[in-house]
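Student: Let's work through this one together. I'll ask, you answer.

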Amino acid sequence: MIKELEGKLAFVTGGSNGIGAATVRMLATLGANVIIGYNAGKDRAENLLSEIEGEGHSILQMTLEDSLSVERAARTIKADNKKLDILVNSAGFTKPVPHNDLDALDDELMDRMLITNVRGPFAVIRALRPLLSSGDDSVIINLSSVSGFKGSGSSIAYVACKAAIDTMSLALARVLGPEIRVNCVSPGAVATDFVEGRDRKKLEQQATSAPLQKVVEPEDVAKAIIAYITHLKHSTGARIIVDSGKFLK
C-alpha cells in the first residue's frame with residue numbers, strides 16, 4: 001500500500017476507542033506518525049499503540065474539561081515536533097436524557113456537556129494552531145453529528161453541542177485558511193459504546209428505516225475523515241454525513 005501520509009504527524013483526541021481508534025489505525029496504515037489522545041483509558045491507548053502499523057507513534061493524556069490539561073498536552077506536542085499536519089477532534093461524551101424531561105437535564109450536566117464537547121475542542125485548536133500553521137496543508141477534522149442539524153439525538157444538550165461544533169467549524173474555516181483547512185464529519189448512530197444502552201440489536205433495528213439499511217461502523221466514519229486528509233484538498237468549512245441516509249427520514 002502507498003504510504004500517502006508518510007512524514008505527516010497526526011493528533012487524534014479520543015483516539016483510544018471507537019471512531020477515534022478506527023481513525024488512528026487508518027492513519028498509521030497510511031504512514032502517518034500518530035499521537036493517540038486519551039482521557040482515562042491509558043491501558044486501552046497502550047494496547048492500540050502496540051497494535052498499529054509502523055513506528056514513531058505515541059500516546060498522550062488529555063482531559064477536555066481541564067484547560068490546564070489541554071495546555072500541557074499542547075506543550076508536550078510542541079516540545080517534540082516543529083509542526084502538526086492533522087488534528088482529529090474525536091473526543092467527547094454524552095448522556096442519554098429524554099428530550100421531554102427538561103428537569104433531568106440540569107445545569108450541572110448541561111455545563112459539563114458544553115465544556116467538554118464545545119469548549120474542549122476549541123481549546124485544543126487554539127493551543128495547537130501555531131503547530132498546525134507550520135504544517136504542510138494542515139487540516140482539522142471535527143467530529144460532529146447529524147444531531148446538530150436534525151435536533152434529535154441522545155439529549156438536547158448533545159444536539160446543542162453538535163450544532164455549536166458545526167457553526168464553530170465554519171467560523172474557523174474562514175479565519176484559519178489558507179494554512180489550515182477545517183471540516184466536519186457528521187455520523188448518525190455508529191456501532192460503538194458511545195451511547196449508553198444502545199446495543200447492536202437496536203442499531204440493526206434502526207438501520208431498517210434508513211435508505212441504505214446498513215449499520216454504520218466506526219471504520220465507515222474514519223474513511224470520511226481520511227478522505228478530507230488525502231483527497232478533498234480544496235474543501236474547508238465542509239460537512240460529510242455518514243449515516244446510511246437516515247437523516248433523510
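Tutor: We can start with glutamate 204, which counts as partly exposed at 43% relative accessibility. Buried is under 20% relative accessible area, exposed is over 50%, and partly exposed lies in between, using a 1.4 Å probe and protein chains only. This is a predicted model, with residues numbered from 1 along each chain as its sequence is written, and local features need pLDDT of at least 70. Side-chain values use heavy atoms, with hydrogens and water left out, while side-chain atom pairs count only at pLDDT 80 or more and totals for chains, interfaces and linings use all residues.

Student: What does glutamate 204 meet in a salt bridge?

Tutor: Its partner is arginine 200, at 3.5 Å from N to O. A salt bridge here is a side-chain nitrogen of Lys or Arg within 4 Å of a carboxyl oxygen of Asp or Glu. Arginine 200 is partly exposed too, at 40%.

Student: How far apart are arginine 200 and glutamate 204 in helix 7?

Tutor: Four residues, so about one helical turn separates them in helix 7, residues 200-207. Helices (H or I, at least four residues) and strands (E, at least two) are DSSP runs, numbered from the N terminus.

Student: How many salt bridges does the count come to?

Tutor: 10 by this rule. One of them joins aspartate 136 and lysine 8, with the closest N and O atoms 3.9 Å apart. That pair links distant parts of the chain, 128 residues apart. Aspartate 136 sits in the loop between helix 4 (107-133) and strand 5 (138-143), and lysine 8 in the segment before strand 1 (9-13).

Student: Is aspartate 136 buried or exposed?

Tutor: Exposed, at 51% relative accessibility.

Student: OK, and what does lysine 233 pair with?

Tutor: Aspartate 137, with the closest N and O atoms 3.0 Å apart. These two are 96 residues apart, with lysine 233 in the loop between helix 8 (218-230) and strand 7 (239-242). Both count as partly exposed: lysine 233 at 39%, aspartate 137 at 28%. Asp137, Lys233 and Arg181 are also linked in a network of salt bridges.

Student: New topic. How many cavities of 30 Å³ or more are there?

Tutor: Two, in a search of the whole structure. On a 1 Å grid over the protein atoms alone, a cavity is a set of points where a 1.4 Å probe fits but cannot get out, and lining residues have an atom within 4 Å of a point. Grid points are joined across faces, edges and corners, and the volume is the space filled by probe spheres set on the points.

Student: Which residues line the largest cavity?

Tutor: Among them are Lys8, Asp136, Asp137, Arg181 and Lys233. Leu5 and Ile229 are on the list as well.

Student: How many disulfides does the structure hold?

Tutor: Zero, where a disulfide is a pair of cysteine sulfur atoms within 2.5 Å. The sulfur of cysteine 184 is 13 Å from the closest cysteine sulfur, in cysteine 161, so that is too far for a bond. Cysteine 161 is buried at 1%, and cysteine 184 is buried at 2%.

Student: Where is lysine 162?

Tutor: In helix 6, residues 156-176. Lysine 162 is buried yet has no salt bridge. The nearest side chain of opposite charge, aspartate 166, is 7.9 Å away. Lys and Arg count as positive, Asp and Glu as negative, and His and the chain ends are not counted.

Student: What is lysine 162 in contact with?

Tutor: Leaving aside neighbours within four places in sequence, Leu143, Ser144, Ser145 and Gly148. Contact means heavy atoms within 4.5 Å.

Definitions and conventions:
On a 1 Å grid over the protein atoms alone, a cavity is a set of points where a 1.4 Å probe fits but cannot get out, and a pocket is an open set with protein on both sides within 12 Å along at least five of seven lines; lining residues have an atom within 4 Å of a point.
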